[in-house]
Structure formats: C-alpha cells, structure tokens
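Here is a friendly walk through the fold of a single chain, for reading side by side with the model. Take a moment to look it over before going on.

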Amino acid sequence: MPATVYSYAESQDVADSLAKYILDIQTRALAIAPTFKIAISGGSLGKVLKKGLIDNEAMARQIQWAKWEVSFSDERLVALDHEDSNYGLFNEMVLSALKAKSITAPKVYTIDESLLKGENGQVSEGTEAADSQIAEQYALQLPASFDLVLLGCGPDGHTCSLFPGHALLNERSVKIANISDSPKPPPRRITFTFPVLEAAKNIAFVAEGAGKAGILGEIFGAKDSGLPSEQVNKIQVPVSWFVGDSAVAGVPVLTSKY
Ligand SMILES: O=C(O)[C@H](O)[C@@H](O)[C@H](O)[C@H](O)COP(=O)(O)O
C-alpha cells in the first residue's frame with residue numbers, strides 16, 4: 001500500500017498533526033489493550049514530540065502517558081546519560097518535561113547499561129559478543145507488535161540504524177541487531193530489523209527542512225532506489241509521513257492534511 005504524506009508549511013502544524021495521529025492510535029490501542037506500545041527514534045523527533053504532545057496543552061490532557069510503553073527503534077551503545085544516547089534525548093525532551101509537570105512517566109525500555117561497562121564501571125570499547133548480548137537482551141523486552149513505530153529519515157535515506165547498502169537490511173533471523181560499523185557516528189549501535197517493522201500496526205516518519213527534499217525525491221521517485229526508508233514504505237503496514245512543505249518541495253508525491 002502506498003505511503004500517505006501529510007505536509008504542512010509550519011513546523012508547529014507538523015508537530016500538532018503528528019500529535020493528533022498519535023492520540024488516535026493511542027485511543028484505538030487502549031480500547032483493546034491495557035498499554036500503548038510505541039517505538040521512538042532519535043534525531044529531531046524528541047523535539048517534535050515535546051512540541052506536539054506536551055507543550056500543546058489540549059493534546060497533553062489526552063495523552064495517557066502512564067499507559068505508554070516506549071522502546072527505541074535504534075540506540076547508540078553509549079551510557080544513557082551520554083549526549084549520543086537516544087534514551088538520553090527522549091529523557092531530556094520528554095521525560096524531564098513530564099516530571100516538571102508531575103505527570104506519571106511512561107514505562108521506558110532502555111538498553112541494559114550494565115552490559116556496556118567494564119570492570120572499572122567505565123563504558124568499555126565493546127566486543128562483538130558483548131554488543132550482541134545487549135541486542136539479544138533488548139529483543140527480549142520487545143512486544144510482539146508495536147501499535148506505532150515513529151521513524152526519522154537520514155539525509156542518506158537511512159532509518160533506524162539500517163543504512164543504505166548495509167547487510168542488516170536483509171537480517172531476518174533476529175529482531176534486534178547490533179552494528180559496529182555505522183557510517184554515521186557513533187559506530188556501535190543496536191537497531192530494529194525489518195521483521196519488527198513488518199509486525200508493527202502503524203509506522204510514521206517525520207521529516208522536516210529543505211535539506212530532506214533531495215533524499216525524499218529519491219524515496220518517492222519513480223525509480224527504485226532501494227533506500228532503507230523506501231523499503232519501509234513498501235511493507236504491508238500503513239505508513240504515514242509527517243513532513244514540512246520544504247522537505248517535499250519538488251518531490252513528485254501527493255500530499256494531504258491529517
Ligand atoms: O541515529 C541516527 O543516525 C539518527 O538518530 C537518525 O536515525 C535520525 O533519526 C535521522 O537522521 C533523522 O534525523 P532528523 O530527525 O534530525 O531529521
């Protein structure tokens with residue numbers, strides 16, 4: 001099924017529409033299950049979520065944070081308080097804002113930080129065996145299916161830590177893979193593999209800024225680029241894109257409003 005693209009001139013409208021979409025999926029999920037299972041990415045997403053779900057007070061009142069279970073679609077193998085940590089970013093943008101408002105925090109699944117540390121308690125260099133243990137342990141915490149996976153799209157078309165041309169694009173034997181040669185620093189990470197994305201009920205990308213127009217042109221162009229984000233568009237799950245107008249300027253794709 002083709003992806004749906006929602007496009008807005010203002011960044012605030014991207015955040016508010018994404019928030020409305022998340023709220024709708026949260027409501028549907030909680031009608032049939034006790035928790036809402038969502039996966040979050042790094043990049044600018046934390047900022048967009050804060051703008052749409054916390055700063056927008058009408059929306060904030062309807063988000064049932066205490067029933068959320070949050071995982072990360074990828075994570076950098078650094079301490080949780082390191083500036084490169086996706087958890088760290090989510091903590092800074094969302095969890096600390098909830099705390100400041102005395103709102104009950106969601107359940108958040110992080111990597112097991114103790115597995116990163118050597119004998120002296122410092123984050124170690126890591127070995128293939130240690131990193132794959134972190135990935136295996138993270139996979140044990142995953143739900144069978146996410147209600148929603150929120151993704152970013154890198155300027156090279158990567159999503160999660162699935163990079164163009166990388167062997168992990170074909171990984172089907174594990175749900176979470178470790179990667180030690182990420183072309184974007186830091187090199188050591190863990191990431192969802194395609195089976196996790198294929199099992200999701202909904203997927204949404206967020207992409208803003210004129211700098212994204214080139215890569216979105218390739219992803220939505222007539223020619224198969226094989227880029228990771230384009231491969232996500234092709235899976236049999238409803239995929240939505242929430243974008244700024246400048247990110248799709250000149251891109252041959254129909255857009256609408258959520
Ligand atoms: O680990 C990473 O490489 C980034 O977190 C990355 O996956 C990010 O999600 C995209 O590059 C989109 O970034 P923006 O949201 O800033 O556009």
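Let's begin with the interior: of the 258 residues in the chain, 42% are buried. Please keep in mind that this is a predicted model.

Among contacts with a separation of 6 or more, 76% link residues 24 or more positions apart.

Now for the secondary structure, which comes to eight helices and 11 strands. Eight strands make up an open sheet with parallel pairing, and their order is E5-E3-E2-E6-E9-E10-E1-E11. Strands E5 (107–108) and E11 (255–256) stand at the edges with a single partner strand each, so one side of each has no neighbour in the sheet.

Which residue of E5 is the bridge partner of Glu 69? That partner is Lys 107.

Helix H1 (residues 11–32) packs on the sheet, and its direction makes about 155° with that of E10. The strands that H1 touches are these:

| Strand touched by H1 | Residues |
|---|---|
| E1 | residues 4–8 |
| E2 | residues 36–40 |
| E6 | residues 148–152 |
| E9 | residues 203–207 |
| E10 | residues 239–244 |

Key: Residues are numbered from 1 along each chain as its sequence is written. This is a predicted model: local features need pLDDT of at least 70, side-chain atom pairs count only at pLDDT 80 or more; totals for chains, interfaces and linings use all residues. Two strands pair if DSSP finds at least two bridges between them. Helices (H or I, at least four residues) and strands (E, at least two) are DSSP runs, numbered from the N terminus. Two residues are in contact if their C-beta atoms, placed from the backbone, lie within 7 Å. Axes are lines fitted to C-alpha atoms, for helices over the stretch in contact, and angles run from 0 to 180 degrees between N-to-C directions. A residue is buried if 20 or more other C-beta atoms lie within 10 Å of its own, exposed if 12 or fewer, and partly exposed in between; C-beta atoms are placed from the backbone.
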